[in-house]
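Visitor: Hi! Could you walk me through this one while I have it open on my screen?
Guide: Happy to, just ask away.

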Amino acid sequence: MTIFGIKSLRYCVRMIRLLSRLLTPTALRYYLSVILVVAANQSSAADEPLTITLRIKDHLFVPAELTAPANTRFRLLIINEDITAEEFESAALNREKVIMGNSEGVIFLGPLSPGEYSFFGEFNPRTAQGRLIVNGPQS
Amino acid sequence: MIDAVVIVLREVLEAMLVCCVLLASSYALGAKRTWLLPVTLAAVGGALLYATNLATLTALFDGRGQELTNVLLLVLTGASLLFYLLQLPAMLHNKRTLGKKEAPVTSTLYAVLIIASAAAMVRELAEIFIYVFSYGIASGQAVPVVSGAVIGAGVGVSLGIFIFFGLLWLGKRRCLQMSALLLGLISAGMLSQATRFLVQSGFLPGEHILWDSGWLISESSLPGELLHALLGYDATPGIEQLTVYVVSLAFAMLLLRKLMARQGTDGDALRQ
């Protein structure tokens with residue numbers, strides 16, 4: 001069997017060499033410019049402060065029903081108060097994010113049209129269920 | 001336990017699909033299997049790093065670290081799959097000019113195979129690690145979670161082996177075409193998923209959701225999961241996602257056509 005042969009080391013070296021091309025001075029300068037542009041965008045994005053908080057406690061979402069304004073972009077801050085990890089998931093909102101135990105995560109949502117959007121915790125799909133209710137005029 | 005089976009199965013399915021199609025394609029090309037060890041090491045090592053540092057990672061870049069890492073992994077997979085498709089016609093040409101004894105596969109191609117499959121596996125494996133250790137064992141449900149995970153992984157790996165042999169059963173020529181088609185679809189799906197993570201982390205503007213086909217095929221149902229892994233199916237795609245999907249799929253299909261044209265001129269290059 002040659003599955004785990006010594007040749008594989010050569011491929012590893014080749015792989016590292018290939019990846020190292022991503023770290024040439026030109027590439028680094030490019031990354032720096034991208035980071036600067038992103039940083040500039042962030043300072044301008046700071047003027048949308050609407051943050052909605054959702055907590056995970058005892059494998060449940062608190063509150064299980066959230067409300068948000070229609071046609072607005074907002075941040076959803078998810079705070080996991082359990083020691084266990086959970087994954088926030090929603091097909092309707094098109095989002096998924098793992099939140100480790102005793103930590104928090106942010107996702108950006110919207111602009112959404114009025115309606116009801118369900119979400120759930122992937123690790124407790126039957127019990128950890130919640131809804132986001134979006135109120136407001138149709139755009 | 002059923003939940004554990006489903007969760008682990010869907011993660012394994014996504015990772016296995018990329019690896020098994022790549023394995024079948026490289027096998028039809030005459031590649032050796034030496035690249036499997038580096039892939040395993042890189043995927044398991046990467047997944048352990050990802051899973052153990054996820055809380056720190058998430059907090060980076062103003063709470064966007066997790067999405068950016070996912071984008072990096074998805075783009076790495078999608079781009080290296082497209083690069084692999086780009087290289088295929090030249091490989092066929094080499095095979096013909098060098099004769100049967102020489103392996104036509106260059107070490108660059110091996111490196112691309114390693115990067116594509118390892119990057120595809122890291123995220124899925126890490127999610128399984130997190131589910132089993134940070135959820136299952138931490139919440140004292142070790143027995144149902146671990147046994148469910150083992151069953152799910154078993155079913156996923158069996159499906160992967162089934163896909164691998166199914167592709168080889170087509171014969172080398174058709175296997176290359178079919179796997180190139182599948183790889184094109186998968187890479188388009190990966191790149192559109194990367195776009196979705198950029199929207200989720202606020203780097204791209206709020207998407208205009210184009211349609212909701214959740215009533216027809218729910219994303220969390222088994223057919224939905226399969227379509228998601230295979231075609232990057234999304235019940236509620238945004239406009240950015242669809243654009244990236246269409247562009248990369250068109251590029252992949254162009255490469256597929258080139259491959260088939262090359263196979264046509266090298267009539268018996270792969271007829272066995």
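Visitor: Let's start with chain B: what percentage of its 272 residues count as buried?
Guide: This is a predicted model, and in it 50% of the 272 residues of chain B count as buried.

Visitor: How many helices and strands does chain B have?
Guide: Chain B has nine helices and zero strands. Read from the N terminus on, the elements go α-α-α-α-α-α-α-α-α.

Visitor: And what radius of gyration does chain B have?
Guide: Chain B has 19 Å. A compact globule of 272 residues would come out near 19 Å, so the value agrees with that expectation. Along the principal axes, the C-alpha atoms of chain B fill a box of roughly 60 × 40 × 35 Å.

Visitor: What share of the contacts in chain B comes from residues 24 or more positions apart?
Guide: Counting contacts with a separation of 6 or more, 84% of those in chain B are between residues 24 or more positions apart.

Visitor: Switching to chain A: which domains does the assignment give?
Guide: The assignment gives domain 1 (7-45) and domain 2 (51-135) of chain A. The C-alpha centres of these two domains of chain A lie 32 Å apart.

Visitor: I see a sheet there. What is its strand order?
Guide: The order is 3-9-8-5-6 in chain A, an open sheet of five strands with mixed pairing. Strand 3 (65-69) and strand 6 (95-99) of chain A are at the edges; each has a single partner strand, so one side of each has no neighbour in the sheet. From one strand to the next, the twist averages 20°.

Visitor: Which way do strand 3 and strand 9 of chain A run, parallel or antiparallel?
Guide: Strand 3 and strand 9 of chain A run parallel, joined by five bridges. In that part of the sheet, Leu66(A) stands opposite Leu132(A) in strand 9 of chain A.

Visitor: And how many bridges join strand 8 to strand 9 of chain A?
Guide: Six bridges join strand 8 to strand 9 of chain A, and these run antiparallel. Glu116(A) stands opposite Ile133(A) in strand 9 of chain A.

Visitor: What about strand 5 and strand 8 of chain A, how do they pair?
Guide: Strand 5 (residues 86-90) and strand 8 of chain A pair in the antiparallel sense over two bridges. Here Glu89(A) stands opposite Phe120(A) in strand 8 of chain A.

Visitor: I've clicked on Pro125(A). Where is it found?
Guide: Pro125(A) is in the loop between strand 8 (115-121) and strand 9 (129-135) of chain A.

Visitor: Why does Pro125(A) count as partly exposed?
Guide: Pro125(A) has 16 other C-beta atoms within 10 Å. Buried would need 20 or more and exposed 12 or fewer, so a residue in between is partly exposed.

Visitor: Which residues does Pro125(A) touch?
Guide: Leaving out residues up to four places away in sequence, Pro125(A) touches Phe120(A) and Asp3(B). As for Glu87(A), Pro125(A) is 38 residues from it in sequence and 9.8 Å from it in space, C-alpha to C-alpha.

Key. Residues numbered from 1 in each chain as written. Chains lettered and ligands numbered in written order. Predicted model: local features only at pLDDT ≥ 70, side-chain atom pairs only at ≥ 80, totals over all residues. Helix = DSSP H or I, 4+ residues; strand = E, 2+ residues; numbered from the N terminus. Contact = placed C-beta atoms within 7 Å. Rg over C-alpha atoms; globule rule 2.2 N^0.38 Å. Domains from an automatic or database assignment. Pairing = 2+ DSSP bridges. Axes fitted to C-alpha atoms, helices over the stretch in contact; angles between N-to-C directions.
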